[in-house]
Amino acid sequence: MPELPEVQTTATSLTPLIGQKVANIRIFQPKLRWQVPDDLATLLSFELNHVERRAKYLILTFVKKSIEKKLIIHLGMSGSLQQHPHDFAVRKHDHLIIDFIDDFAKTTQLHYHDPRRFGAVLWYDMFADKLLHHLGVEPLSDDFTTVYLYNLIHQRKQPISRPIKAVIMEQTIVVGVGNIYATESLFLSKIHPLTPAHLLNYQQLSDLVKHIRQILQTAIKKGGSTLKDFTVGAGKTGYFQQTLNVYGHKGEPCPICQTPIDNVKIAQRASTFCPNCQPLPTNLIS
(Lines give C-alpha, C1' and ligand atoms only; values in the text may rest on other atoms or scores of the structure.)
Protein backbone atom coordinates (compact mmCIF):
# COMPACT_ATOMS: atom_id res chain seq x y z
CA MET A 1 0.00 0.00 0.00
CA PRO A 2 1.37 3.46 -0.86
CA GLU A 3 2.17 5.21 2.42
CA LEU A 4 3.12 8.79 3.21
CA PRO A 5 6.49 8.80 1.36
CA GLU A 6 4.95 7.29 -1.76
CA VAL A 7 2.03 9.73 -1.71
CA GLN A 8 4.37 12.69 -1.12
CA THR A 9 6.55 11.48 -3.99
CA THR A 10 3.44 11.34 -6.17
CA ALA A 11 2.42 14.88 -5.14
CA THR A 12 5.89 16.18 -6.04
CA SER A 13 5.79 14.37 -9.40
CA LEU A 14 2.65 16.32 -10.34
CA THR A 15 4.39 19.70 -10.01
CA PRO A 16 5.17 19.98 -13.77
CA LEU A 17 1.41 19.87 -14.49
CA ILE A 18 0.68 22.96 -12.39
CA GLY A 19 -0.45 25.77 -14.67
CA GLN A 20 -1.65 23.36 -17.36
CA LYS A 21 -5.29 23.07 -18.42
CA VAL A 22 -7.52 20.02 -18.51
CA ALA A 23 -8.12 19.17 -22.17
CA ASN A 24 -9.93 15.86 -21.87
CA ILE A 25 -11.14 13.36 -19.28
CA ARG A 26 -11.77 9.68 -19.92
CA ILE A 27 -13.25 7.30 -17.36
CA PHE A 28 -12.76 3.62 -18.16
CA GLN A 29 -13.76 2.08 -14.82
CA PRO A 30 -15.94 4.18 -12.50
CA LYS A 31 -16.25 1.51 -9.80
CA LEU A 32 -13.34 2.03 -7.43
CA ARG A 33 -13.70 2.07 -3.64
CA TRP A 34 -16.40 4.65 -4.27
CA GLN A 35 -17.99 5.53 -7.57
CA VAL A 36 -15.97 8.00 -9.61
CA PRO A 37 -18.10 11.16 -10.05
CA ASP A 38 -19.88 11.18 -13.39
CA ASP A 39 -19.45 14.95 -13.71
CA LEU A 40 -15.66 15.10 -13.81
CA ALA A 41 -15.97 16.59 -17.29
CA THR A 42 -16.87 19.89 -15.61
CA LEU A 43 -13.12 20.25 -15.04
CA LEU A 44 -12.52 20.80 -18.76
CA SER A 45 -10.54 24.02 -19.38
CA PHE A 46 -9.79 24.32 -15.65
CA GLU A 47 -6.13 24.84 -14.74
CA LEU A 48 -4.29 22.76 -12.18
CA ASN A 49 -3.36 25.33 -9.55
CA HIS A 50 -2.09 23.42 -6.53
CA VAL A 51 -1.25 19.90 -5.33
CA GLU A 52 -0.98 18.97 -1.67
CA ARG A 53 -0.94 15.89 0.53
CA ARG A 54 -2.91 15.25 3.72
CA ALA A 55 -2.00 11.92 5.29
CA LYS A 56 -2.27 9.46 2.37
CA TYR A 57 -4.67 11.62 0.39
CA LEU A 58 -3.80 13.84 -2.56
CA ILE A 59 -5.72 17.08 -2.96
CA LEU A 60 -5.69 18.64 -6.44
CA THR A 61 -7.00 22.19 -6.77
CA PHE A 62 -8.22 23.44 -10.16
CA VAL A 63 -9.18 27.01 -11.01
CA LYS A 64 -10.96 28.81 -13.83
CA LYS A 65 -11.32 32.55 -13.39
CA SER A 66 -12.88 32.88 -9.91
CA ILE A 67 -14.17 29.29 -9.75
CA GLU A 68 -12.27 26.66 -7.75
CA LYS A 69 -12.79 22.90 -7.81
CA LYS A 70 -10.91 20.23 -5.87
CA LEU A 71 -10.37 16.51 -6.25
CA ILE A 72 -9.35 14.22 -3.41
CA ILE A 73 -7.49 11.11 -4.53
CA HIS A 74 -6.46 8.02 -2.57
CA LEU A 75 -4.16 5.44 -4.13
CA GLY A 76 -5.65 2.51 -2.21
CA MET A 77 -3.59 -0.68 -2.03
CA SER A 78 -2.00 -0.59 -5.47
CA GLY A 79 -2.84 2.71 -7.15
CA SER A 80 -0.53 5.20 -8.83
CA LEU A 81 -0.72 8.41 -10.84
CA GLN A 82 1.51 8.20 -13.90
CA GLN A 83 2.30 10.78 -16.57
CA HIS A 84 2.67 9.66 -20.17
CA PRO A 85 2.86 11.22 -23.67
CA HIS A 86 -0.37 12.01 -25.51
CA ASP A 87 -0.12 8.90 -27.71
CA PHE A 88 0.53 6.45 -24.85
CA ALA A 89 -1.70 3.38 -25.15
CA VAL A 90 -4.40 2.73 -22.57
CA ARG A 91 -3.53 -0.29 -20.43
CA LYS A 92 -5.49 -2.70 -18.32
CA HIS A 93 -6.15 -1.10 -14.91
CA ASP A 94 -5.97 2.45 -16.31
CA HIS A 95 -9.31 3.57 -14.84
CA LEU A 96 -9.10 7.31 -15.43
CA ILE A 97 -7.04 9.48 -17.77
CA ILE A 98 -6.88 13.27 -17.57
CA ASP A 99 -5.25 15.03 -20.52
CA PHE A 100 -3.37 18.22 -19.63
CA ILE A 101 -2.25 20.74 -22.23
CA ASP A 102 0.45 23.36 -21.70
CA ASP A 103 0.98 26.78 -23.31
CA PHE A 104 2.85 25.16 -26.18
CA ALA A 105 -0.02 22.77 -27.00
CA LYS A 106 1.91 19.79 -25.63
CA THR A 107 -0.42 17.19 -24.11
CA THR A 108 0.43 15.00 -21.12
CA GLN A 109 -1.79 12.13 -20.02
CA LEU A 110 -2.23 11.59 -16.29
CA HIS A 111 -3.24 7.97 -15.75
CA TYR A 112 -4.89 6.74 -12.56
CA HIS A 113 -3.71 3.12 -12.56
CA ASP A 114 -5.00 0.73 -9.89
CA PRO A 115 -4.96 -3.08 -10.32
CA ARG A 116 -6.89 -3.76 -7.10
CA ARG A 117 -9.34 -0.84 -7.39
CA PHE A 118 -9.30 0.07 -3.68
CA GLY A 119 -8.43 3.69 -4.38
CA ALA A 120 -10.69 6.69 -4.89
CA VAL A 121 -11.15 9.79 -7.04
CA LEU A 122 -13.75 12.09 -5.49
CA TRP A 123 -14.88 15.69 -5.20
CA TYR A 124 -13.15 17.23 -2.20
CA ASP A 125 -16.16 19.26 -1.06
CA MET A 126 -18.34 16.16 -0.81
CA PHE A 127 -15.89 13.84 0.98
CA ALA A 128 -13.27 15.91 2.84
CA ASP A 129 -15.14 15.96 6.13
CA LYS A 130 -15.76 12.22 6.05
CA LEU A 131 -12.21 11.29 5.09
CA LEU A 132 -10.01 13.91 6.76
CA HIS A 133 -11.62 15.28 9.92
CA HIS A 134 -10.49 12.43 12.20
CA LEU A 135 -6.84 12.39 11.12
CA GLY A 136 -3.99 12.99 13.56
CA VAL A 137 -0.94 15.20 13.15
CA GLU A 138 1.44 15.08 10.22
CA PRO A 139 4.69 13.35 11.26
CA LEU A 140 6.88 15.85 9.39
CA SER A 141 5.09 18.90 10.79
CA ASP A 142 6.02 20.97 13.83
CA ASP A 143 3.03 19.44 15.63
CA PHE A 144 4.62 15.99 15.87
CA THR A 145 6.92 16.38 18.85
CA THR A 146 8.10 14.30 21.78
CA VAL A 147 5.91 16.41 24.07
CA TYR A 148 2.87 15.68 21.92
CA LEU A 149 3.44 11.93 21.87
CA TYR A 150 4.45 11.70 25.54
CA ASN A 151 1.43 13.68 26.73
CA LEU A 152 -0.94 11.72 24.53
CA ILE A 153 0.36 8.40 25.89
CA HIS A 154 0.96 9.29 29.54
CA GLN A 155 -1.22 12.19 30.65
CA ARG A 156 -4.60 10.49 30.60
CA LYS A 157 -6.81 8.93 33.23
CA GLN A 158 -5.77 5.67 31.61
CA PRO A 159 -2.38 5.78 29.87
CA ILE A 160 -2.17 3.98 26.53
CA SER A 161 -0.96 0.43 27.11
CA ARG A 162 -1.29 -0.87 23.55
CA PRO A 163 1.93 -1.96 21.80
CA ILE A 164 3.89 1.07 20.65
CA LYS A 165 3.94 -0.30 17.08
CA ALA A 166 0.13 -0.15 16.96
CA VAL A 167 0.08 3.34 18.51
CA ILE A 168 2.38 4.99 15.96
CA MET A 169 0.41 3.37 13.13
CA GLU A 170 -2.90 4.74 14.42
CA GLN A 171 -4.08 7.41 11.98
CA THR A 172 -5.94 9.40 14.65
CA ILE A 173 -2.62 9.90 16.48
CA VAL A 174 -0.11 10.44 13.68
CA VAL A 175 -0.75 9.90 9.98
CA GLY A 176 1.19 8.01 7.36
CA VAL A 177 3.53 5.89 9.50
CA GLY A 178 2.82 2.64 7.71
CA ASN A 179 4.15 -0.81 8.55
CA ILE A 180 7.48 -0.45 6.76
CA TYR A 181 8.33 2.90 8.30
CA ALA A 182 7.10 2.01 11.80
CA THR A 183 9.17 -1.18 11.74
CA GLU A 184 12.33 0.61 10.65
CA SER A 185 11.85 3.51 13.09
CA LEU A 186 11.45 1.16 16.04
CA PHE A 187 14.59 -0.71 15.03
CA LEU A 188 16.67 2.48 14.93
CA SER A 189 15.17 3.50 18.28
CA LYS A 190 16.01 0.09 19.83
CA ILE A 191 12.38 -0.37 20.93
CA HIS A 192 10.63 -3.74 20.78
CA PRO A 193 7.39 -3.36 18.78
CA LEU A 194 5.35 -5.09 21.51
CA THR A 195 6.44 -2.68 24.24
CA PRO A 196 3.33 -1.17 25.89
CA ALA A 197 3.38 2.51 24.97
CA HIS A 198 3.07 3.76 28.56
CA LEU A 199 6.27 1.95 29.59
CA LEU A 200 8.36 4.15 27.31
CA ASN A 201 10.06 7.11 28.95
CA TYR A 202 10.51 10.59 27.51
CA GLN A 203 13.95 9.88 26.05
CA GLN A 204 12.78 6.71 24.31
CA LEU A 205 9.84 8.56 22.77
CA SER A 206 12.19 11.37 21.76
CA ASP A 207 14.37 8.86 19.91
CA LEU A 208 11.29 7.35 18.26
CA VAL A 209 9.93 10.71 17.07
CA LYS A 210 13.37 11.60 15.70
CA HIS A 211 13.70 8.33 13.81
CA ILE A 212 10.14 8.40 12.42
CA ARG A 213 10.87 11.80 10.93
CA GLN A 214 14.29 10.69 9.71
CA ILE A 215 13.00 7.48 8.10
CA LEU A 216 10.13 9.26 6.33
CA GLN A 217 12.38 12.06 5.05
CA THR A 218 14.89 9.52 3.72
CA ALA A 219 12.12 7.49 2.07
CA ILE A 220 10.76 10.61 0.35
CA LYS A 221 14.23 11.46 -0.98
CA LYS A 222 14.53 7.94 -2.39
CA GLY A 223 11.12 8.05 -4.03
CA GLY A 224 9.35 5.75 -1.58
CA SER A 225 9.35 1.96 -1.41
CA THR A 226 8.47 -0.26 -4.35
CA LEU A 227 7.58 -3.60 -2.79
CA LYS A 228 4.72 -4.55 -5.11
CA ASP A 229 2.81 -2.22 -7.40
CA PHE A 230 3.83 1.32 -6.52
CA THR A 231 5.20 3.48 -9.33
CA VAL A 232 5.18 7.21 -9.91
CA GLY A 233 5.74 9.75 -12.66
CA ALA A 234 6.29 7.90 -15.91
CA GLY A 235 6.15 4.51 -14.21
CA LYS A 236 9.36 5.00 -12.21
CA THR A 237 9.84 3.02 -9.02
CA GLY A 238 11.13 4.08 -5.62
CA TYR A 239 14.19 2.47 -4.07
CA PHE A 240 13.98 3.04 -0.31
CA GLN A 241 13.40 -0.72 0.09
CA GLN A 242 17.06 -1.22 -0.80
CA THR A 243 18.02 0.39 2.52
CA LEU A 244 15.66 -1.55 4.82
CA ASN A 245 17.31 -2.94 7.96
CA VAL A 246 14.72 -5.40 9.28
CA TYR A 247 11.45 -5.12 7.33
CA GLY A 248 11.09 -8.20 5.14
CA HIS A 249 14.28 -9.76 6.52
CA LYS A 250 12.92 -12.40 8.91
CA GLY A 251 15.56 -15.03 9.66
CA GLU A 252 18.38 -12.96 8.21
CA PRO A 253 21.19 -11.58 10.40
CA CYS A 254 20.63 -8.20 12.03
CA PRO A 255 22.82 -5.58 10.29
CA ILE A 256 24.05 -4.42 13.72
CA CYS A 257 24.62 -7.54 15.82
CA GLN A 258 24.06 -10.49 13.41
CA THR A 259 21.26 -11.95 15.59
CA PRO A 260 18.57 -13.54 13.34
CA ILE A 261 15.68 -11.15 12.71
CA ASP A 262 12.47 -12.33 14.38
CA ASN A 263 8.83 -11.66 13.56
CA VAL A 264 5.64 -11.06 15.56
CA LYS A 265 2.10 -10.18 14.52
CA ILE A 266 0.63 -6.95 15.88
CA ALA A 267 -2.90 -5.99 14.86
CA GLN A 268 -2.73 -8.56 12.05
CA ARG A 269 0.44 -6.99 10.63
CA ALA A 270 3.82 -8.69 10.52
CA SER A 271 6.43 -6.84 12.53
CA THR A 272 10.08 -7.79 12.20
CA PHE A 273 12.63 -6.85 14.83
CA CYS A 274 16.00 -7.81 16.29
CA PRO A 275 15.55 -9.64 19.64
CA ASN A 276 18.98 -8.43 20.76
CA CYS A 277 18.91 -4.79 19.66
CA GLN A 278 15.20 -4.37 20.53
CA PRO A 279 14.69 -6.30 23.79
CA LEU A 280 11.35 -6.48 25.54
CA PRO A 281 11.23 -4.70 28.92
CA THR A 282 12.37 -7.22 31.54
CA ASN A 283 9.03 -7.24 33.37
CA LEU A 284 7.30 -8.48 30.19
CA ILE A 285 9.54 -11.44 29.57
CA SER A 286 7.83 -14.66 30.63
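The lining of the second largest pocket comprises seven nonpolar, four polar and two charged residues (Ala, Val, Leu, Ile, Met, Phe, Trp, Tyr, Cys and Pro count as nonpolar, Asp, Glu, Lys and Arg as charged, and the others, Gly among them, as polar). The model is predicted: local features need pLDDT of at least 70 and side-chain atom pairs count only at pLDDT 80 or more, whereas totals for chains, interfaces and linings use all residues. Residues are numbered from 1 along each chain as its sequence is written, and side-chain values use heavy atoms, with hydrogens and water left out.

This pocket has a volume of about 230 Å³. Of its 13 lining residues, Met 1, Arg 33, Lys 56, Tyr 57 and His 74 are the closest to its centre. A pocket is an open set of points on a 1 Å grid over the protein atoms alone, where a 1.4 Å probe fits, with protein on both sides within 12 Å along at least five of seven lines; lining residues have an atom within 4 Å of a point. The volume is the space filled by probe spheres set on the points, which are joined across faces, edges and corners.

Attention now turns to the helices (DSSP runs of H or I, at least four residues, numbered from the N terminus). Helix α1 (residues 4–13) packs against helix α6 (residues 202–221) at an angle of about 40°, their axes lying 9 Å apart; axes are lines fitted to C-alpha atoms over the stretch in contact, and angles run from 0 to 180 degrees between N-to-C directions. The two helices are therefore oblique to each other (angles under 35 degrees are roughly parallel, over 145 roughly antiparallel, 65 to 115 roughly perpendicular and the rest oblique). Leu 4, Pro 5, Gln 8 and Thr 9 of α1 make the contact (heavy atoms within 4.5 Å) with Leu 216, Ala 219 and Ile 220 of α6. That contact has five nonpolar, two polar and no charged residues.

Helix α3 (residues 146–154) also meets α6: their axes come within 9 Å and cross at roughly 125°, which makes α3 oblique to α6. Residues in this contact include Tyr 150 and Ile 153 of α3 and Leu 205 and Val 209 of α6. By class, the contact has seven nonpolar, three polar and no charged residues.

Helix α5 (residues 179–189) packs on α6 at about 130°, with the axes 8 Å apart, an angle that makes α5 oblique to α6. Among the residues that meet here are Tyr 181 and Glu 184 in α5 and Asp 207 and His 211 in α6. The contact of α5 with α6 has eight nonpolar, four polar and two charged residues.
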